[in-house]
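Hi,

Here's the structure I promised to pass along. Have a look at it first, and then read on for what turned up.

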Amino acid sequence: MLDAATTTRAARARGRVARAGTARAAGAAAILIALVGAGLLLPISATLNVENAIGLAVFALATNVLLGYGGLVSFGQAVFYGAGAYTVMLGWQHWGWSFWLGFAVAPLVGASLALAMGLIALRARELYFALLTLAFTQLAYTLAQQQQEFTGGDNGVFGKVLPAWIADARQGYMFTLAVASVCAFALWRIVTSPFGITLRAIRENRDRMEALGVNVILHELLAFVVSGFFCAIAGVLFIVHTQSAYPQLLEWTKSGEPILMAVIGGMFSFLGPAVGAFVYTLGQQWLIEHTQSWKLVLGVVLLAIVLLRPGGLAGILGAAWRYAARRLKQGVPSG
């Protein structure tokens, strides 16, 4: 009887996992369809705003590999983001690269920079790690400003680098959405793999994982490289949006943006940072149009989320979903 009961519980657990997987797939498909519809139906100005949010969602998801899954607060992500944008633009300006060649090289540049930075920064812990990554960001920002002949200094690099069909607003939107979808799926496979599970275990108890023989530094370094790779792709998507690269992309405040997005959306949910990217980007745009004190309003909202709902908006939505499911299971109308 015990074996039968155990088998029944295991079967029920597998059923719950399968249903959860189906629900996640259905939710992802619904989001993708909604975004495709937005690109087809919204006015061009609104489409461009959503396109920007999609690119920043990749930036936030990539950063959250370190923040939410690895427990590493990095202010160096702008180095990889800006490197992705600059690789495309500088390659086009100085060496005549096509957009596609720049697109192929950019994530490799981001991953290489992340490897070099990680080998140094990961020697430190917590606050000192964050400060080291901040120092790298400021170094990259200063170099981009000072190298007038190569990077254009404060003016940056501008030009018609995109193929004609991507330069079209709606087709550029669809291209950005397609690339972001592939990146999101790849990141989801990474964080749900044994590597991602180990990374979360390191976040929860680093000393215990070291005692179990896990190479903690190697896992954190790989997370850094993965994050740098996809942050650089997000930088390329910025090129699709603006066809320009400038030093502000490398500033430390740019590194703070995906952290804010992850906190707003929920850093312990995979799509939480993407939700935060849309709320932050579109909400910021709306506030700028309606009030001069948008920074104050945004700060108050962020403070309220951190204090009242540390799980972010994804945590709120998850709690509401579980509550509705319990009500339906009990046969009580959820209204």
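This is a predicted model: local features need pLDDT of at least 70, side-chain atom pairs count only at pLDDT 80 or more; totals for chains, interfaces and linings use all residues.

T137 has a relative accessible area of 0%, and the cut-off for buried is under 20%, so T137 counts as buried. You'll find T137 in helix α5, which covers residues 126–146. If you skip the neighbours within four places in sequence, the residues in contact with T137 are F75, G76, A78 and V79, plus L250, E251, W252 and S255.

Now for the chain as a whole. The protein chain has 15 helices and 2 strands. It runs to 335 residues, and 44% of them count as buried. Looking at contacts between residues at least 6 apart in sequence, 77% join residues at least 24 apart.

There's also a helix pair to look at. Helix α4 (residues 99–121) packs with helix α11 (residues 216–242) at an angle of about 145°, and the axes are 7 Å apart. Their crossing is right-handed. On the α4 side, the residues making the contact include F99, F103, L115 and M117; on the α11 side, they include L221, F224, F229 and I233. Sorted by class, this contact between α4 and α11 has 18 nonpolar residues and 3 polar ones, with no charged residues.

Cheers

Key: Residues are numbered from 1 along each chain as its sequence is written. Side-chain values use heavy atoms; hydrogens and water are left out. Helices (H or I, at least four residues) and strands (E, at least two) are DSSP runs, numbered from the N terminus. Buried means under 20% relative accessible area, exposed over 50%, partly exposed in between (1.4 Å probe, protein chains only). Contact means heavy atoms within 4.5 Å. Axes are lines fitted to C-alpha atoms, for helices over the stretch in contact, and angles run from 0 to 180 degrees between N-to-C directions. A crossing is left-handed if the near helix is turned anticlockwise from the far one by less than a right angle, and right-handed if clockwise. Ala, Val, Leu, Ile, Met, Phe, Trp, Tyr, Cys and Pro count as nonpolar, Asp, Glu, Lys and Arg as charged, and the others, Gly among them, as polar.
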